Amino acid sequence: MPHSTRSLPAQLLALYRHVHAREPAVAAAGQAATVLHLGADHTIVASGANPLEPALVVTLALGYHQTAHDFFRSAVPTPLELETAIAAVEDEIHAAHRLQRSDPGHGALYAQALAAGASPPWSSDPGLHELATLAGIPPGPVRVLSLDAMERLFNRLASVSEGRPAAHEGLPDSASFAARLLVLRELMHHMPLTAVTLVGEIVS
């Protein structure tokens, strides 16, 4: 549901302001910017054209720690555990869609934020940088994790869930990694997001 900037983690608000001030494609055109934080227990999406604070902040009850705790019994999830977690995460995303679209004060803003899906959201989450590295995205000050690259990475995880050793796929033997990738995958498919643009930590 919508929140004020006071509910935003300081790092995410700093990133939002950085994108508006420093990224030419946004700053020069005065466009809306969207930022993403995929945390242990919640995912936050903030979007807006105001360079100081977003017009819309949406918090979803989706996080990598909570997802791993709720659905995975060991470091490597089974195919059935992956399927069950996917269904639950999809349900949460669709519930957020319905809630936001029905909100008389923020429905239009939410629709605009989704329309901005053609302009990838920005994130400085270290965990998403880890996913980008595992997906083969070269290091750099700005990295773009595309939907296709993410999906290839998820397919490798699916192979591990079916019995292929994680080391053979170059993947960590970690339920938190699997859950983070799964949540990101469902966000990218169902928000939908074409990519996530990753930058380093922004000092506020």
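A word on ground rules. This is a predicted model, in which local features need pLDDT of at least 70 and side-chain atom pairs count only at pLDDT 80 or more, while totals for chains, interfaces and linings use all residues. Residues are numbered from 1 along each chain as its sequence is written, and side-chain values use heavy atoms, with hydrogens and water left out.

Let's start with strand β6, residues 195-199. Helices (H or I, at least four residues) and strands (E, at least two) are DSSP runs, numbered from the N terminus. Is β6 mostly covered or uncovered? Mostly covered: 5 of its 5 residues are buried, where buried means under 20% relative accessible area with a 1.4 Å probe, protein chains only. Ala195, Thr197 and Val199 sit on one side, Val196 and Leu198 on the other, and both faces are covered.

Now its partners; two strands pair if DSSP finds at least two bridges between them. Strand β4 (residues 122-123) runs parallel to β6, with 2 bridges, and there tryptophan 122 is opposite threonine 197. Strand β5 (residues 142-146) pairs with β6 in the antiparallel sense over 5 bridges, and arginine 143 faces leucine 198.

On to the cavities. Helices α7 (147-161) and α9 (175-190) each supply at least two of the lining residues.

A charge sits over a ring if NZ of Lys or CZ of Arg is within 6 Å of the ring centre and within 35 degrees of the ring normal. Arginine 180 does this with tyrosine 64, at 4.0 Å from the ring centre, and arginine 185 with phenylalanine 154, at 4.3 Å.

Last stop: valine 26, in helix α2 (residues 24-27). Valine 26 is buried, at a relative accessible area of 5%. Its C-alpha atom is 8.9 Å from that of alanine 49, 23 residues apart along the chain.

Technical notes:
Buried means under 20% relative accessible area, exposed over 50%, partly exposed in between (1.4 Å probe, protein chains only).
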